[in-house]
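Colleague: Could you take me slowly through one part of this model, strand by strand? I would like to see who pairs with whom, and then what lies beyond it.

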Amino acid sequence: MRKLIVGVISGIFLTASVAQAHFVLLKPNTDILEEGKRIVCLKTWFTHPMEGGPNMDYHIIDSGVVINGKKYKLKWKEELIPALKGSKKKVPLYKTRFKIRRPGVYQFYVDPEPYFEPAEQKFIKQIAKVYVEAFGMEDGWDQPIGLKAEIVPLTRPFGIWEGNTFRGRVFINGKPAANIDVEVEYYNKRGVKVPADPFITQVVKTDENGYFEYTIPWAGWWGFSALGDGGKLRYKDGKEYPVELDAVLWIKAYPKPRGVK
Ligand SMILES: [Cu+2]
């Protein structure tokens, strides 16, 4: 969230907070598990990935991992991280480890409580998903797992090069989500600088059947958040506010191999 000057009345600057894209970050330590390794470690928190913060309050209601239509629960360990670098306000980050027993495509997801965003006067609920392929068995990545908000990939969501085009289809409440915004951000661990604010969040739209695509410019973890409509919810002030119900997906792009252009 940042301040923007929205108007000047007799020399007084009126400012409003303009929120950059919120993202539930759900990141495994790898997108591909090779023979000999068994443990996948995952982290999740609610942040602004390109800017490195602020981090927001975040509570998981439901989470799991789905393989071949079977679901396993995940148990998370909570840690507290500063909302902003150096700030006293702390928010949760969750970690878990999952033991892989057989080959296949594992779809990990988290479904958090709606978060009230004062700057936007609405709730935000982001259901996030990420894939791990284990031991060379690649089937099943194109299957939805029945989330209330879900991006179903048309591009295999692991083993992706930078420069690849990612295609997905958005479903909100089971229906293809037509003509909605899909926000795209890079998980900016390296402190990459942008030339101007619009570069922080890239935006593409779904078509009339809920399909979108985005070409990944450089290597790293990239998040897609399709902004859906989740009806209304009552806040503690007694008033009803709209709920933005977002489908989030994280994928990893690998750098081009040495010696190619
Ligand atoms: Cu925020």
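Modeller: Happy to! One term first: two strands count as paired when DSSP finds at least two bridges between them. Please keep in mind that this is a predicted model.

Let's look at the open sheet of four strands, ordered S3-S5-S9-S8 with antiparallel pairing. Strand S3 (23-28) and strand S8 (77-82) are its edges; each has a single partner strand, so one side of each has no neighbour in the sheet. On average, neighbouring strands here are turned by 25° against each other, direction ignored. The partner of S3 is S5 (residues 39-47), and six bridges join these two in the antiparallel sense. To find this pairing on your screen, look for Val 24, which stands opposite Phe 46 in S5.

From there, turn to the copper ion. Its protein donors are His 22 (NE2), His 48 (NE2) and Met 56 (SD), at 2.2 to 2.5 Å. Along the sequence, the donor residues follow the spacing H-x25-H-x7-M. With buried meaning under 20% relative accessible area, His 48 qualifies because its value is 0%. Met 56 is buried too, at 4%.

S21 runs antiparallel to S20 (residues 220-234), joined by 13 bridges, with Trp 221 bridged to Lys 252. S12 (residues 122-134), by contrast, pairs with S21 in the parallel sense over eight bridges, and Gln 126 has Asp 246 as its bridge partner.

Key: Residues are numbered from 1 along each chain as its sequence is written. This is a predicted model: local features need pLDDT of at least 70, side-chain atom pairs count only at pLDDT 80 or more; totals for chains, interfaces and linings use all residues. Side-chain values use heavy atoms; hydrogens and water are left out. Donors are N, O and S atoms within 2.8 Å of the metal (3.2 Å for Na, K and Ca); water is not among the atoms, so sites may look incomplete. Buried means under 20% relative accessible area, exposed over 50%, partly exposed in between (1.4 Å probe, protein chains only). Axes are lines fitted to C-alpha atoms, for helices over the stretch in contact, and angles run from 0 to 180 degrees between N-to-C directions.
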